[in-house]
There are 2 protein chains.
Amino acid sequence: MADETATTGLLGFKPQLVVPGMNAEAAVQFYKAAFGAKEVRRVAHPKRKAEQELPLILSAELKIGSSFLLVSDRFDDAGEDGSAVASGGGILLRLEAEDVDAAMKKAVTAGAEIVGQVTEDEDGVHGKVRDPFGVVWAIAAVGKKCPEAEA
Amino acid sequence: MADETATTGLLGFKPQLVVPGMNAEAAVQFYKAAFGAKEVRRVAHPKRKAEQELPLILSAELKIGSSFLLVSDRFDDAGEDGSAVASGGGILLRLEAEDVDAAMKKAVTAGAEIVGQVTEDEDGVHGKVRDPFGVVWAIAAVGKKCPEAEA
């Protein structure tokens, strides 16, 4: 773990909209109609695929103009995440970091509150903090992507 | 006004955090400490400058990694805006459009709700919609900036 003064290798962030009620697909269609969004990538939840007709969208990446928006279904098993974003209109900021632990520690030292411990799952290594201004940041390892799933 | 099928010239968007209680400056300092944010631009509210010791921050633009975050004080006279983002943890998405009227119309046709009519003020030409998924989009004219003010 890097010390707190070292760079934590933050590459940048994208807004991520977490949609309840299995409506991420509807959201994707809305952004295409409303803002001419182009879908540049979609990752379905690998565990759900075999069990359900409609795979949950782990992450659909949309391009609107030159900007990117991630759209995700809210998982039933993500209660902690759900409550974390409940006050955020479903929007969190997904920040890519080379060192997730160090980035989390630095944010907490500055005053953020951990709302999701660092874990590794099908979404890669990630943790979650809520900052003093109510914004939830998902801090995720660079390049740790869930395997591509056939849509 | 362009017809609905025409491009509305959307250039891209940036997340904008609207901070209540005159705490935008504190938020800027937090993001510097927590995420190594660099402040690349600041526009103070031109009307407030002469009257108040601490000018309200109309928009501070921060760079975190390769991404941009706008931080603004919530204005007393922006009740409509305030209520619009109240459910959004203070985050809205500020979308630059070449034709604000056409972009608003297209969004509404697709299912968004107008929460701020198109107006022109010190923040330029802009309107505001809430989409069916709870996200507030400020649709603003390209390059219409409030004049730079001395910080």
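A:Met22 is partly exposed, with a relative accessible area of 41%; here buried means under 20% relative accessible area, exposed over 50% and partly exposed in between, computed with a 1.4 Å probe on protein chains only. The residue lies in the loop between S1 and H1 of chain A. A:Met22 is not a glycine, yet has a positive phi of about 60°. Elements are named from DSSP runs, with helices (H or I) of at least four residues and strands (E) of at least two, numbered from the N terminus.

In chain B, B:Met22 likewise has a positive phi of about 60° without being a glycine. B:Met22 sits in the loop between strand S1 (10-19) and helix H1 (24-35) of chain B, and at 41% relative accessibility counts as partly exposed.

## Basis of the model

This is a predicted model, in which local features need pLDDT of at least 70 and side-chain atom pairs count only at pLDDT 80 or more, while totals for chains, interfaces and linings use all residues. Residues are numbered from 1 along each chain as its sequence is written, chains are lettered from A and ligands numbered from 1 in the order in which they are written, and side-chain values use heavy atoms, with hydrogens and water left out.

## Chain A as a whole

Chain A has four helices and eight strands. Read from the N terminus, the order of its elements is β-α-β-α-β-β-α-β-α-β-β-β.

Of the 151 residues in chain A, 52% are buried. Contact means heavy atoms within 4.5 Å. Among contacts in chain A between residues at least 6 apart in sequence, 60% join residues at least 24 apart.

## Relation of the two chains

Chain A is superposed on chain B by a rotation of 180° with 0.0 Å of shift along the axis, at an RMSD of 0.0 Å. That is the relation of a two-fold axis. The same surface serves both copies, as 100% of the contact residues of chain A recur in chain B. The superposition is by least squares on the C-alpha atoms of residues with pLDDT of at least 70 in both copies.

## The interface

The contact takes 40 residues from chain A and 40 residues from chain B. Together the chains bury about 3000 Å², with 75% of this on carbon and sulfur atoms; buried area is the accessible area (1.4 Å probe) that two parts lose on being put together, summed over both. On the side of chain A, the residues that lose the most area to chain B are A:Phe30, A:Phe35 and A:Phe133, together 23% of what that side buries.

Between chain A and chain B there are six residue pairs in polar contact, both residues at pLDDT 80 or more. A polar contact is a pair of N or O atoms within 3.5 Å; within protein, one must be able to donate a hydrogen and the other to accept it, and residues adjacent in sequence count only if both atoms are side-chain atoms.

## Helix H3 of chain B

In helix H3 (residues 100-110) of chain B, the buried residues are B:Val100, B:Ala102, B:Ala103, B:Met104, B:Lys106 and B:Ala107. They pack against H1 of chain A, and also against S1, S5, strand S6 (113-121), strand S7 (124-130) and strand S8 (136-141) of chain B.

The N-terminal end of H3(B) is capped by B:Asp99, with a side-chain oxygen 3.3 Å from the backbone nitrogen of B:Asp101. Just after H3(B), B:Gly111 takes a positive phi of about 125°.

B:Glu61 lies in strand S3 (residues 57-64) of chain B and is buried, with a relative accessible area of 5%. Its side chain makes a polar contact with the side chain of B:Lys14 at 2.7 Å. Neighbours within four places in sequence aside, B:Glu61 is in contact with residues including B:Lys38, B:Arg41 and B:Phe68.

B:Arg94, in strand S5 (residues 91-97) of chain B, is buried at a relative accessible area of 13%. Not counting residues up to four places away in sequence, B:Arg94 touches several residues, among them B:Lys14, B:Leu70 and B:Asp123.
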